[in-house]
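The stops below are meant to be selected in order.

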Amino acid sequence: MISGREYRQQNVNQSLVNAGIVMLIAMALHNFPEGMAIGSAGTVDYSSGFLVALMITLHDIPEAMAIATPLSGGNVKRGKVFFLTILSGISTVLGAVIGFWIGKMSDFGLALCLGAAGGAMLYIVFADMIPEAFKEINGKNCSIFVLIGIIFGIMLIKIIK
Ligand SMILES: [Zn+2]
């Protein structure tokens, strides 16, 4: 008879764990400009900062799932999965502090920060997220749902704003 803990230790799926770690590093890097967007938007006014923070928080939910899913699939302990997923968000806080600090220094700093954060997010959206969304899922073309999702996303921001 082996305990659940021993079972998990014996059955760690290393390739899934590695995929989770790669995702964790990619997300931690990607969270930095997102943090800068929050921080620099916060120097414009409180409601802009809040709106950007809210939107980034919402889109971080599927991103956190992208880290947690391969890790827990690889039989990493729940507490550890939770800790590692939270860890990926630290760079958001760091980016927000730096974005706020540069944005407060001067109007040029603010313009630079907003531009850099916007550019990084545009790149992620057009080079990664949209092409990934348009990929066939289980051999099915789901493009119409991608388009509905994009329109829904735009309308959601417009209503909140
Ligand atoms: Zn993101």
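**Before selecting.** This is a predicted model, in which local features need pLDDT of at least 70 and side-chain atom pairs count only at pLDDT 80 or more, while totals for chains, interfaces and linings use all residues. Residues are numbered from 1 along each chain as its sequence is written, and side-chain values use heavy atoms, with hydrogens and water left out.

**Whole chain.** Show the protein chain as a cartoon: there are seven helices and zero strands. Helices here are DSSP runs (H or I, at least four residues), strands are runs of E (at least two), and both are numbered from the N terminus. The C-alpha atoms fill a box of roughly 65 × 40 × 25 Å, taken along the principal axes. Of the 161 residues, 27% count as buried; buried means under 20% relative accessible area, exposed over 50%, and partly exposed in between (1.4 Å probe, protein chains only).

His30 in helix 2 and Glu63 in helix 3 are 33 residues apart, a pair that links distant parts of the chain. His30 is buried because its relative accessible area is 13%, and Glu63 counts as buried because its value is 11%.

**Largest pocket.** Next, select His59, Pro62, Glu63, Val125 and Met129, which lie nearest the centre of the largest pocket, among 38 lining residues. A pocket, on a 1 Å grid over the protein atoms alone, is an open set of points where a 1.4 Å probe fits, with protein on both sides within 12 Å along at least five of seven lines; lining residues have an atom within 4 Å of a point. Helix 2 (14-44), helix 3 (46-73), helix 6 (107-134) and helix 7 (143-160) each give two or more residues to the lining. Helix 6 supplies the largest share, eleven residues.

**Helix 3.** Select residues 46-73. The end C-alpha atoms of helix 3 are 40 Å apart, which agrees with the 40 Å that its 28 residues should span at 1.5 Å a residue; the expected span is 1.5 Å times one less than the number of residues. Helix 3 bends by about 30° at Asp60, and Pro62 follows within four residues. The bend is the angle between axes fitted to the seven residues ending at a residue and the seven starting there. Buried residues of helix 3 include Leu51, Met55, Ile56 and Ile67.

**Single residues.** Move to Asn75, in the loop between helix 3 and helix 4 (78-87). Phi of Asn75 is near 70°, a positive value in a residue other than glycine. Most residues other than glycine have a negative phi. Asn75 is partly exposed, at 22% relative accessible area.
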